[in-house]
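Look at the chains one by one, then at the places where they meet.

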Amino acid sequence: MNQQLPAILIIAPLLSALIINISGWVNKKLCFPIAVAGLGLASWASVNLLLRVLDEGVVLYRLGGWDPPMGIAYYVDHLNGLVLTVVSIVALLNLIANKKTIEQDFPEKTGPFYTLYVLMVTGLLGIVATGDAFNLYVLLEIAALTGYGLLAMGEDRAPLATLNYLYMGTIGACFYLLGVGYLYIVTGSLNMVDIAGILPALYQSKAVLAAFMICMIGVWLKMAFFPLHAWLPNAYTYAPSAASSLIAPLVTKVMIYVMIRLILTVFTPEYVFSTLTVSEPIVWLATIAIVMGSIFALSERNLKKMLTYVIIAEVGYMVGGAWLGNRTGMTGAILHIVNDSLMTLCVFLVAGNIVYKVKGYAFKDLKGLFRTMPFTMGAFVIGALSIIGVPPTCGFFSKWYLISGAIQAGHYGFMVALLFSSLVNVVLFFRVIEIAYYEPFAEGHGHNVLPEPMAEAPLMMLVPLLIVAASLIVVGVYTGDIVNYIIQFAIPKEIV
Amino acid sequence: MPDIISIIAAKYNYWMFIILMMIGLYAMIAKNNLVKKVVGMSIFQTAIILFYVSIGAKKGATIPILEHAHSEHANAAGSHIIQSADYVNPLPHVLMLTAIVVCVATLGVAFALLIRVYKRYHTLEEDEILAQIREK
Amino acid sequence: METITSIKPFLAVLISLAVTPVLVSSRAPNVREAWTFVAAAAKFLIVLSMLPTILQGTEIVYTVAEFLPGAAIKFRVDALGMLFALVSSFLWIITSAYSIGYMRGLKEHSQTRYFCFFALALSATIGVAFSANLLTLYLFYELLSLSTYPLVTHHQDKEARSSGRKYLLYIVGGSIAFALPAMLISYNLAGTLEFSKYGFLAGTGSRTIMAVLLLMFIFGFTKSAIMPFHSWLPAAMVAPTPVSALLHAVAVVKVGVFSIVRVLIGVFGVNLLLDLHLGTIVCYIAAFTVITASLMALSQDGLKRRLAFSTIGQLSYIILGVALLSPKGMIGGMTHIAMHAFGKVTLFFCAGAIFVATGKKNISEMVGIGKRMPVTMTAFFIGSLSVIGLPPGGGFISKWYLVLGTLQADNWPMLVVLLGSSLLNAAYFLPIVYRAFFCTPEENMFDNRVEEAPIWCVVPLVLTSLGSIGLFFYPQPFLRLAGMMIN
């Protein structure tokens, strides 16, 4: 069993998606337990895989027993072991938290919704686990197509927004495919490790440079890296709560993982940072991404849209951190993948809770929420503190590494952008907290105002949210362990 | 002068696919009608598929199917000694089968979305849709 | 310097954290208040129990966890931390008693939330006092900012909202924009964040970098209300008076100056500052704040606002004293933490008592109030003596050392600043007392019956004013603790 873990990781959700689809016709109540079982198995497999990687080192699984470079290999090392765990657990928590929302929003379409949900998670897990460049494209498109389906099920402007996302996403994936094609021409292989072995002889070739840049642009399109970000705000805002709280924390982070995998494993750091000289402009682009994301977020009067712009700024953090070229910055970027998934999940679950009870997510709908939904808003405060970067939440520690990396690299522009973004986040989140805390205004000292009754979200939505909020602090406290035992080995020794 | 022509002539397949890709991109960006955008996207994807297939082509090679693999020409173990230069590289074809499926699926999702959009806005022209959104 | 490891510092921090769930779940207000007292007493006793060890010259350390490789959450109890912790934890007991009188007297809402966040704020204050490195200090500093926000904005009206915004922007904004990068750059330069006897930044960078870092730290710890980042403090006076009293006269602002003093002594080190002549810059910044704040206090009619500006000035005395870099000056600065705390808290208690008893907030409305509330105004008089620096107020001791410190450092401009600002202090305090007691019957706004505030309000302020006088006669152990930091 232990040997087949990478396969179980993908097959369990895949099969359960099929079973859910069938049982959706038979009995809708079966869908949820089967989905939980499938994702639970995947989580168990990913945690065990991570433990195996910590014990033995890299886990190489040859699908069907075919040897690479002919066959497809799944390659799990410290980097994707960590990301796999995060993806599967986030997906599972989100599924449990959104059961009530799905029942409320899609009474007739529960079967198809759960199917798409589980298929999307399959795609994401596959992207992270695979060691084959073309297999990554296939899984990328699986995740993307199911994502389009999930996002388009929202109200009103959702289909149009998703259509725009479809255009941009397809271009991105096709660029990636083109890049892989170039790599195939020059190396004759599709296996990531194999390509990395053949490439050093070809570092001066223009085809490799073209392959790298085209792959990068494709991945940047998919992760909404400024200026290729225009599809994200609309697509995530109008989506149903269950879909946006699955996709927002995960998809962009998985794309960042793909970028880091390309930098660290396929085109080794020696090529990316020494032979190429594009690091400087890219870090500046990341700086601009952070600043523009923060500024756009300030102008929004709508909670979900504001959060999507915060995501764009966070993507800037990670891209910048990875491209700083030093160990601290790369550690910050990888740590931020974990932290940002959790923080984004927390705030999007809060938004989901609010939509469930109040049926709206504009600022004017948030009045007095501290009285009526104290636990949800408490979790929101913790999530906000993490995004701002206040210790001991996890967001502070990844900011620590990113800023330290910027100082070490002498890139003070990036450091100023990070601090600027923290300050803007203070304003953004306290604006929301103010509306929920103060309005409607109490007369005088509030002496004679009766407290409003508490109308909290149901327990099934609240408990996962509180678990995620608590994990923000726990992950923060254990940052040292995560860095020392996992991330340290994920970064090759050449990066100083 | 003759150098440039020979460069273009030698890599004429790449040039063609780049032109196709640009046509597809142009359609996606510049055209107003949503269906035309989808068509542009399809052209873009097809260009990449053709690009891959052309990688495997070899001069004077035939399709990668072994004839008479189980006939008396084979030796006892049933394997054949083949010259790989005689056969077109099958791997890109295989990869592109997958990619074609992905493209078709994307087209399907795109058309489903188009139908939803049409039901909502009763038009498929992007400027009219944006006008409707703005006046709401 | 011996060190022993003991969990006591961590316990001192945790006590009030642990009591919070109990407070939340208490049904009866009296039970809730009782638990607050229990927690406050326990905290003070734990802090007190560490005093003998510190006075002998040993330090207590305790490492909680290593959050980041190379930077741990660690406590170290030394003389300066003990000084600050003693003051804060003792005054918490008294302020809790005062809070009961005040909140119940005004029938305030959300009292549970109030007491809970008060406990959390004290937890964070003790955490800052016992921090062993910059990371721990920063962590508890931020926790303090956040836990005092609901206290400052307790009334939840429009005024509270705009004041809360100012509070956040100045305090959290300042620490993120300046203190955080300064901390990270120091870590990058020196490879460590541990406060040491001689500073850890010695020899790691050029004079310019050191000067820039120094300014970033000073303006980053905006809780110290150094100008121009001071206007959050008068704005925060919208809070209930016990909050103003403890937090803004003792805990929050003292955390700010404490952090700066820690940075000056433990990060930069006296020798580095002397070598690079960086003390002078700090002296002038502090002196500017002292004079300007005293001048602005003169023009304020609201009693709490005048007290707020007075605090801004007094805080900079502490920084000025340490920045003089002479032994007597530094002792004076650090002792002033304790002296000013007792004096200021008395003054705020009086202001609150006046509000509870008569509803008056402005000084112009307080003519003749000495006849109505003699105990309160006498305590006010004693408190103002301490702040001005006249005997028998305890503040005389610290001002005396400050003056000696300027002479020791041959810093005549600062001597002038000190003496001049003391005159200004007298100018904005003594008239209040004079007009409260000595006025013609026509001017008297109150009838002559004696009607003090509730007993829960009056007893604490009497206690703290007696404490002020007591400190004049027995300035130990604060003087001794401050002296130990200099060696």
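## Which chains touch

Chain B and chain C have no contact with each other. Their closest C-alpha atoms lie 33 Å apart. Two residues are in contact if their C-beta atoms, placed from the backbone, lie within 7 Å. Two pairs of chains are in contact, and chains A and C share the most contacts.

This is a predicted model, in which local features need pLDDT of at least 70, side-chain atom pairs count only at pLDDT 80 or more, and totals for chains, interfaces and linings use all residues. Residues are numbered from 1 along each chain as its sequence is written, while chains are lettered from A and ligands numbered from 1 in the order in which they are written.

## Chain A meets chain C

Here 28 residues of chain A meet 28 residues of chain C. On the side of chain A, the elements that give two or more residues are α18 (394-409), α19 (412-438) and α21 (479-490). Helices (H or I, at least four residues) and strands (E, at least two) are DSSP runs, numbered from the N terminus. The largest share of this side comes from α19(A), with nine residues.

What classes of residue does the side of chain A that touches chain C have? It has 18 nonpolar, nine polar and one charged residues. Ala, Val, Leu, Ile, Met, Phe, Trp, Tyr, Cys and Pro count as nonpolar; Asp, Glu, Lys and Arg as charged; the others, Gly among them, as polar.

## Chain B meets chain A

This contact takes 24 residues from chain B and 22 residues from chain A. On the side of chain B, two or more residues come from each of α3 (34-55), α4 (90-121) and α5 (126-135). The largest share, twelve residues, belongs to α4(B). By class, this side of chain B has 18 nonpolar, three polar and three charged residues.

## Chain B on its own

Chain B has five helices and zero strands. Its pattern along the sequence is α-α-α-α-α. Of its 136 residues, 21% count as buried (20 or more other C-beta atoms within 10 Å of the residue's own, placed from the backbone). Take the contacts in chain B between residues at least 6 apart in sequence: 62% of them join residues at least 24 apart.

The mean pLDDT of chain B is 85. This score is the predictor's confidence in each residue, from 0 to 100. In chain B, 89% of residues reach 70 or more. Where pLDDT is low, the predicted coordinates should not be read in detail.

## Two helix pairs

In chain A, helix α7 (residues 158-187) packs with helix α9 (residues 206-223) at about 160°, with axes 7 Å apart. Axes are lines fitted to C-alpha atoms, for helices over the stretch in contact, and angles run from 0 to 180 degrees between N-to-C directions. The angle therefore makes α7(A) roughly antiparallel to α9(A) (over 145 degrees). The crossing is left-handed (the near helix is turned anticlockwise from the far one by less than a right angle). The contact has 19 nonpolar, four polar and one charged residues.

In chain C, helix α14 (residues 327-358) packs with helix α16 (residues 374-388) at about 150°, with axes 8 Å apart. So α14(C) is roughly antiparallel to α16(C). Their crossing is left-handed. Residues in the contact include Phe342(C) and Leu347(C) of α14(C), and Phe380(C) and Ile382(C) of α16(C). By class, there are ten nonpolar, seven polar and one charged residues.

Key. A residue is buried if 20 or more other C-beta atoms lie within 10 Å of its own, exposed if 12 or fewer, and partly exposed in between; C-beta atoms are placed from the backbone. Angles under 35 degrees count as roughly parallel, over 145 as roughly antiparallel, 65 to 115 as roughly perpendicular and the rest as oblique.
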